[in-house]
Amino acid sequence: MSRKAKGRRATLMVSLAALLAMTAWAATSWLQARQTDVVPANPSDAQKQSGAETYPTLDPGLFKGEVREAYAVARKNPALLAALHCYCGCDRAEGHRNLLDCYRDQHGSRCEICTGEAIEAERLFEQGAPVEQIRDVLRAKFARGH
Ligand SMILES: [Zn+2]
């Protein structure tokens with residue numbers, strides 16, 4: 001065999017190996033892509049979750065007075081509360097991400113700050129205040145060193 005022929009053979013082997021590697025890579029990424037768009041094994045779980053998103057907060061009828069009012073705000077205007085921060089410290093104590101989280105359980109009924117914030121936010125919202133302004137007012141009124 002001439003040196004030239006040997007060289008060509010080696011080149012062929014290398015490209016064959018490269019081709020194999022690419023095929024393997026393509027197959028793996030195809031499999032991974034398939035796995036990510038697999039439907040959840042239990043579709044009722046997904047339904048439950050979206051149901052929880054529709055009615056994430058407790059029934060205002062369970063409470064009285066201002067607390068009831070605050071839970072009613074959460075029902076009526078969840079997007080507003082979700083855009084606001086709760087200054088009672090529940091973000092650190094209970095992992096709340098926003099004021100709406102306070103109304104997903106009884107927390108909002110035991111906390112003057114949560115109640116006050118929701119009612120104040122709704123009042124300002126009704127007056128047409130933009131959410132940035134509502135945020136500023138709540139911070140000034142309820143933050144207390146946070
Ligand atoms: Zn709170």
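Which residues have the most contacts inside the largest nonpolar core? Here are some close-ups to go with that question.

**View 1. The largest nonpolar core, with 21 residues.** Those with the most contacts inside this core are Ala70, Ala74, Leu81, Cys86, Leu99, Cys114 and Ala118. Four helices, α3 (65–76), α4 (78–82), α6 (112–126) and α7 (131–142), each supply at least two residues of the core, and α3 gives the most, with 5 residues. A nonpolar core here means a set of buried Ala, Val, Leu, Ile, Met, Phe, Trp, Tyr and Cys residues joined through C-beta atoms within 7 Å. Buried means that 20 or more other C-beta atoms lie within 10 Å of a residue's own; 12 or fewer makes it exposed, anything in between partly exposed, and the C-beta atoms are placed from the backbone. In soluble globular proteins, nonpolar side chains tend to be buried together.

View 2. Residues are numbered from 1 along each chain as its sequence is written. Confidence is highest in α6, at a mean of 98, and lowest in helix α2 (residues 43–54), at 45. Over residues 36–52 pLDDT stays under 50, and the model has 2 contacts beyond four places in sequence for that stretch. Where pLDDT is low, the predicted coordinates should not be read in detail. As for the overall build, the chain has 7 helices and 0 strands; these are DSSP runs numbered from the N terminus (helices: H or I, at least four residues; strands: E, at least two). Buried residues make up 20% of the 146 residues.

**View 3. Where α3 meets α6.** The axes of these two helices come within 9 Å and cross at roughly 60°. Axes are lines fitted to C-alpha atoms, for helices over the stretch in contact, with angles from 0 to 180 degrees between N-to-C directions. α3 and α6 are therefore oblique to each other (under 35 degrees counts as roughly parallel, over 145 as roughly antiparallel, 65 to 115 as roughly perpendicular and the rest as oblique). Their crossing is left-handed, meaning that the near helix is turned anticlockwise from the far one by less than a right angle; clockwise would be right-handed. On the α3 side look for Glu66, Val67, Glu69, Ala70, Val73 and Ala74, which meet Cys114, Thr115, Ala118, Ile119 and Glu122 in α6. Two residues are in contact if their C-beta atoms, placed from the backbone, lie within 7 Å.

**View 4. Where α6 meets α7.** Here the axes come within 10 Å and cross at roughly 145°, and the crossing is right-handed. From α6 the contact uses Ile113, Gly116, Glu117, Glu120, Ala121, Leu124 and Phe125, and from α7 it uses Gln133, Ile134, Val137, Leu138, Lys141 and Phe142.

**View 5. Zooming in on cysteine 114 and tyrosine 103.** Leaving aside neighbours within four places in sequence, cysteine 114 is in contact with Ala70, Cys86, Cys88, Leu99, Cys102, His107 and Gly108. Tyrosine 103 sits in the loop between α5 (90–93) and α6. With 28 other C-beta atoms within 10 Å, tyrosine 103 is buried. Beyond four places in sequence, its contacts are Thr57, Leu58, Tyr71, Ala74, Leu81 and Gly108. Tyrosine 103 and threonine 115 are 12 residues apart in sequence and 9.4 Å apart, C-alpha to C-alpha.

**View 6. Loop residues between α4 and α5, plus lysine 64.** Tyrosine 87 and glycine 89 are both in the α4–α5 loop. Tyrosine 87 counts as buried, with 20 C-beta neighbours inside 10 Å, whereas glycine 89 is partly exposed, with 13. The C-alpha atom of tyrosine 87 is 8.5 Å from that of leucine 99, 12 residues away along the chain. For glycine 89, the C-alpha of alanine 143 is 9.4 Å away, at 54 residues along the chain. Lysine 64, in the loop between α2 and α3, counts as exposed, with 10 C-beta neighbours inside 10 Å. Its C-alpha atom and that of serine 109, 45 residues apart along the chain, are separated by 9.2 Å.

Notes. This is a predicted model: local features need pLDDT of at least 70, side-chain atom pairs count only at pLDDT 80 or more; totals for chains, interfaces and linings use all residues. pLDDT is the predictor's confidence in each residue, from 0 to 100.
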